[in-house]
Amino acid sequence: MTKSPLIDAGALSALVRDNNADILVCDCRFDLGNVDAGKQAYAQGHIPGAVYLHLDQNLSAPKTGSNGRHPLPEREDFARCMAGLGVSDSTLVVCYDAGDAMTAARLWWMMRWLGHEKVVVLDGGLQAWKEAGNDVSTADPVAAAPGNLTPKKPLVSVVNYEQVLADLKTHEHVVVDARSADRFRGENETIDPVGGHIPGARNRFFKDNIAANGRFKPAEQLRAEFDAVLQGQPSERVINQCGSGVTACHNLLAMELAGLHGSALYPGSWSEWCAQAAAPVATGAE
């Protein structure tokens, strides 16, 4: 079950009904335009027993003005947060959001960053849960006893601003930007103060990983589409970024589905990059 980064609503429903299952379901719904919307939606109905994790408060560290909009917390701090919710080394962590996995993929990646293998994303999110005929709950989850989760060797790679900047000269890696095509070109930028992209980056909008039915595309299709972006570049020499290190995790999940392993995340992403005085900026489609 944990070999795939995804779980379907039927399999999750069976686990939720199993009182002996070592599982924590995490609701990650979040709206960049209204940071309280996810918590409010959770209160109006969530998967029974699920806890709510806030992107700004639980899945990010404080902002300094130069470290991006959603900087990663310290691994030890995040491990304590998850352990406090009842996660142990044996616990299956299930991540979901409204449907497109935008923020659920961030939690999935962060658990792997802790070295935790037992983590999956609900394919299709809460929408798929409801479509499968499952009920939602407005009840607060019963507080779990603290778990024994401890950080281990990361299962994912991270690069920082200095490494990405240096790579502009060495060209050892390909940068893949998960933002929409217009923001990549430097158009319609309403979130960050500077429009454009990292010079040499290639664009793969994260929503292109999702099929019309709201689920992830088949692995074979994802493989073909990413191969077209990477143009022969090995996945181990790919750096994924986006606006603030969130939707880049969606591309990393899709690459994992496609059998393209070992790519790195630049957590600061464009929001950190454009805050550096010396960072070069490119605009347009290339």
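Two strands are said to pair if DSSP finds at least two bridges between them, and strands (E, at least two residues) are, like helices (H or I, at least four residues), DSSP runs numbered from the N terminus. The structure is a predicted model, in which local features need pLDDT of at least 70 and side-chain atom pairs count only at pLDDT 80 or more, while totals for chains, interfaces and linings use all residues. Residues are numbered from 1 along each chain as its sequence is written, and side-chain values use heavy atoms, with hydrogens and water left out.

**View 1. Strand S7 is joined by bridges to strand S9 and to strand S8.** Strand S7 (residues 174–177) and strand S9 (residues 238–241) run parallel and are joined by 4 bridges, and one of the facing pairs consists of Val-176 and its bridge partner in S9, Asn-240. S7 also runs parallel to S8, to which 2 bridges join it, and here Asp-177 stands opposite Asn-203. In a regular strand the side chains alternate between the two faces of the sheet. Within S7, Val-174 and Val-176 point one way, whereas Val-175 and Asp-177 point the other way, and all of them are buried, a word that means under 20% relative accessible area, with exposed meaning over 50% and partly exposed in between (1.4 Å probe, protein chains only).

**View 2. An open sheet is built from 5 strands.** The strands follow the order S6-S10-S9-S7-S8, and their pairing is parallel. At the edges lie strand S6 (157–158) and strand S8 (202–203), each of which pairs on one side only. Strand S6 is joined by 2 bridges to strand S10 (residues 264–265), and the two run parallel; Ser-157 stands opposite Ala-264 in S10. Strands of a sheet pair through backbone hydrogen bonds, either parallel or antiparallel.

View 3. Which residues of H8 are buried? They are Leu-222, Phe-226, Val-229 and Leu-230, and they lie on the same side of H8 because they cover an arc of only 85° around the axis, the arc being that of the directions from the helix axis to the C-beta atoms. The buried residues pack against S7, S8, S9 and helix H9 (247–257), where contact means heavy atoms within 4.5 Å. The face of H8 turned away from its buried side carries Glu-220 and Ala-228, which are exposed. After the helix comes Gln-231, whose phi is positive, near 50°.

View 4. Salt bridges link residues of opposite charge type in several places. A salt bridge is counted where a side-chain nitrogen of Lys or Arg is within 4 Å of a carboxyl oxygen of Asp or Glu, and by this rule the model has 14 salt bridges. Arg-29 and Asp-27 form one of them, with their closest N and O atoms 2.7 Å apart; Arg-29 is buried at 9% relative accessibility, and Asp-27 is buried at 0%. Another is formed by Glu-256 and Arg-112, whose closest N and O atoms are 3.9 Å apart. Since Glu-256 lies in helix H9 and Arg-112 in helix H4 (residues 104–113), this pair ties together parts that are 144 residues apart in sequence. Another salt bridge and a network. Glu-131 forms a salt bridge with Arg-215, the closest N and O atoms being 3.3 Å apart. Glu-131 lies in helix H5 (residues 125–131) and Arg-215 in the loop between S8 and H8, so this pair ties together parts that are 84 residues apart in sequence. Elsewhere, salt bridges that share partners join Arg-69, Asp-177, Arg-179, Arg-183, Glu-189 and Asp-192 into one network.

View 5. For Cys-81, the nearest cysteine sulfur is that of Cys-26, 8.9 Å away, and for Cys-274 it is that of Cys-242, 12 Å away.

Conventions
A disulfide is a pair of cysteine sulfur atoms within 2.5 Å.
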